[in-house]
Structures are given as structure tokens and as C-alpha cells.
Amino acid sequence: MSIILEAEHLTKIFTRRGSEPLKAVDDVSFQLESGETLGIVGESGSGKSTLAKMLTRLTDISSGTLRVEEKDITSLKRRELREIYGTIQMVFQDPMSSFDPRKTLGYGICESLRNRGMKKTEVDERVKQTLEQCGLSSEFADRYPHEVSGGQCQRAAIARALIVEPKILICDEATSALDVTIQKQIMELLQELKEKRGLSFIFICHNLALVQEFCDRVLVLYDGKNVEEGTTDKVILHPQNEYTKKLIESAS
Ligand SMILES: Nc1ncnc2c1ncn2[C@@H]1O[C@H](COP(=O)(O)OP(=O)(O)OP(=O)(O)O)[C@@H](O)[C@H]1O
């Protein structure tokens, strides 16, 4: 297997006028293999979302190096990032707020393709196909975010991420806002996409049962630091770090 993403000593410091600088992500290093699912766990405020945003360059990196398919993307400028978004995409926790309420889901899903100058007929066909792959009929393209359920909206958000045919999907609590049955359906969809497309996943989730079911390896963040990393069974069944032990105890 080849390494598709490599984080070396990633650090994020938030500075705000009138308050002490905050190290939200502190010297985090890890590798993601092609086709692998890496879970990132940790208590609220441990830096999971900040790390996810660094990996997609939605937030700037204070120090360290980030490579995607061996290309150093640590300091790429906004306009240079378009190429990277063909490889790496993100799905957020709240699907409703990730779509513009005044635009149809179809409009939101194909935005990145339009920006690439693809023809309208081709774009429409891709939207239809991708929606169907995500378990929604093509008529959902004409609906507005408030006209669909949370689960359907998350499927549309996954379609929007997949339409550019990325290799890496970062899911930041992508099922946390959904009820248990819908959560299970979305997990099945992600599993199917993983098998069919050979996608690599970074799966941020506070539900350790889901992490255990879905992830090959787990990284534990505590106070912005990578305190433990290993295969899912090793970390969850035989944790070494005291903090990981507490995290697992509190979840069971
Ligand atoms: N834009 C920002 N400016 C300043 N501080 C921030 C910013 N974003 C996050 N933080 C701080 O960074 C730390 C890590 O936050 P982050 O959202 O990454 O944690 P998390 O593990 O994802 O938490 P949760 O599970 O609750 O979503 C927190 O102390 C948070 O207050």
C-alpha cells in the first residue's frame, strides 16, 4: 500500500487579541495509507475539527508539513488548492448548513464541476449518477435543503464531495447529527463507497462503537497531541495511554 496523505509535526496556534495564543493542534504526525480508514477520536476540544480543517487547508497551518500524494500542500495559496480538492474532500456534521438555503441541492453539488468549466449536459448527468450512487433519486437535484430530511441532506453532502471523484474523504462527525437508524444507513453508504471506489477515509467521530466497526486504525488526540495510534483493536481493546483508557471507559 502507498501513503496517500502524510502529516508531519502539524501545529495550529490560534492567536486572538487580548488572549493567550492557543495551541489547538500540537505537533501531530501520522500517515494515511491508500484505501485505509483512519479514525480520529478525542474529547470535545481536543483539536479534531481543527486538524480536519488543516488537512483540507480550510484553516492555515501554523507549522509542520502536509503532503497529499507526495505533493507538499502546506503553503499552497487558495487558488492553487483547486487541484487538491480533486483528491481530498470533506463532509461536515451539519449537512443543512453546508448548503446554501437559497440554492437547490443540485446547484450546490455541481458547483465544483461548473468552476472547472464542464459542459452543462455533462454536469447534469454526473449530478444524477452521483445522487443515485448515494441512494437518492435524481429529482433531489431540484430540491432545496429545507425540502429534505437530515439523512437525505447528508447523502447530498456526500454526493457533493464525491462528484469530483476524490481519493480521500474526511468525515467530521458526519453522522453525529442523525438519529441511530439514519446513522447506520449513512455508515453503510460510506462502507459501500469505500469498497467500490477504494476511497481512503479520515473518520472523526466521538462514537467509539462506530469507530471500532468502520476504522482500520485509530489516532487519539488529547489536548491537541497525538497520544496514541494503532490498529483499531489494539487501541480500543488494549489501550496503553492513560487518557485513552479513560476515554474508552467513559464510552462503555
Ligand atoms: N477559529 C478559532 N479561533 C480560536 N480558537 C479556536 C478556533 N477553532 C477552534 N478553537 C479552539 O481550539 C480547540 C480545539 O477545538 P476543535 O473544534 O478542533 O476541537 P474538537 O475536538 O473538534 O471539539 P468537538 O468534539 O467539540 O467538536 C478548542 O479549545 C477551541 O476552542
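A residue is termed buried if 20 or more other C-beta atoms lie within 10 Å of its own, exposed if 12 or fewer do, and partly exposed in between, with C-beta atoms placed from the backbone. The structure is a predicted model, in which local features need pLDDT of at least 70 and side-chain atom pairs count only at pLDDT 80 or more, while totals for chains, interfaces and linings use all residues. Residues are numbered from 1 along each chain as its sequence is written.

Glu-173 is partly exposed, with 18 other C-beta atoms within 10 Å. Glu-173 belongs to the loop between β7 (168–172) and α5; helices (H or I, at least four residues) and strands (E, at least two) are DSSP runs, numbered from the N terminus. The phi angle of Glu-173 is near 50°, a positive value in a residue other than glycine. Most residues other than glycine have a negative phi. Asp-223, in the loop between β9 (217–222) and β10 (225–231), likewise has a phi near 50°. Asp-223 is partly exposed, with 15 C-beta neighbours inside 10 Å.

The domain assignment, which is automatic or taken from a database, gives domain 1 (3–87 + 167–251) and domain 2 (99–165). Their C-alpha centres lie 25 Å apart. Ten residues from domain 1 and ten residues from domain 2 take part in the contact between them, two residues being in contact if their C-beta atoms, placed from the backbone, lie within 7 Å. On the side of domain 1 that touches domain 2, helix α5 (residues 180–197) provides the largest share, four residues. This side comprises eight nonpolar, two polar and no charged residues; Ala, Val, Leu, Ile, Met, Phe, Trp, Tyr, Cys and Pro count as nonpolar, Asp, Glu, Lys and Arg as charged, and the others, Gly among them, as polar.

The largest nonpolar core has 68 residues, such a core being a set of buried Ala, Val, Leu, Ile, Met, Phe, Trp, Tyr and Cys residues joined through C-beta atoms within 7 Å. Helix α4 (residues 150–162) contributes the largest share of this core, seven residues. Because domain 1 and domain 2 both give residues to this core, it lies between them. Phe-203, among the residues with the most contacts inside the core, is in contact with Cys-171, Val-211 and Phe-214, among others, when neighbours within four places in sequence are left aside.
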